[in-house]
Amino acid sequence: MSRISKRISIQSKDKGDLLVLLEEAQSKFGCLSQEVMSELAESVGISLSEVYGAATFYAFLSTKTQGRNVIRICKSLPCFLKNSELIIESVGREIGIRPGETTPDGKFTFQLTNCIGACDKAPAMLINNEVHGDLTSEKISAILKACE
Ligand code: FES
């Protein structure tokens with residue numbers, strides 16, 4: 001058993017569990033590095049490209065180290081129609097980075113994502129697992145200041 005698979009307690013060799021294993025590995029190691037993906041591929045008995053494909057397909061998985069607070073602003077149509085572009089601009093201005101980037105101090109990672117299931121509160125965003133809805137530019141500063 002590999003070093004990575006020992007640390008994430010791989011019990012199953014079923015590739016149907018791949019998404020669960022990827023989430024668990026990301027949680028433990030902060031991201032899905034090449035080393036982590038290679039060892040998972042070997043442990044589950046599938047190709048590295050299959051693991052990489054899953055790791056890069058799902059918005060909640062990342063091959064890059066993420067900040068302590070991952071901001072995901074919804075870019076789907078219902079939020080767009082409620083001015084999500086203004087929220088994107090406000091967040092970017094507040095933390096000084098663009099979507100796809102992480103602040104140098106590792107406090108924030110800023111991403112755009114598809115619908116997060118909070119359309120009734122559009123425009124909406126997630127910070128880690130917490131939903132923030134009915135956003136306005138004026139609310140952004142206070143929300144971000146509350147992040148550790
Ligand atoms: S469209 Fe933005 S949360 Fe659903």
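Which helix and which strand each supply at least two residues of the lining of the largest pocket? The model is predicted, so local features need pLDDT of at least 70 and side-chain atom pairs count only at pLDDT 80 or more, while totals for chains, interfaces and linings use all residues. Residues are numbered from 1 along each chain as its sequence is written, and side-chain values use heavy atoms, with hydrogens and water left out.

A pocket is an open set of points on a 1 Å grid over the protein atoms alone, where a 1.4 Å probe fits and protein lies on both sides within 12 Å along at least five of seven lines; its lining residues have an atom within 4 Å of a point. Points are joined across faces, edges and corners, and a volume is the space filled by probe spheres set on them.

The largest pocket holds about 380 Å³ of space. It is lined by 19 residues, of which Ala59, Leu61, Ser62, Gln66 and Gln111 are the closest to its centre. Helix H4 (48-57) and strand S2 (108-113) are the elements asked about; helices (H or I, at least four residues) and strands (E, at least two) are DSSP runs, numbered from the N terminus. S2 gives the most to this lining, four residues.

The second largest pocket has a volume of about 320 Å³. Its lining includes Glu23, Gln26, Phe60, Leu61, Gln66, Arg72 and Asn128. Helix H2 (18-29) and strand S1 (69-74) each supply at least two of the lining residues, and H2 has the largest share, with three.
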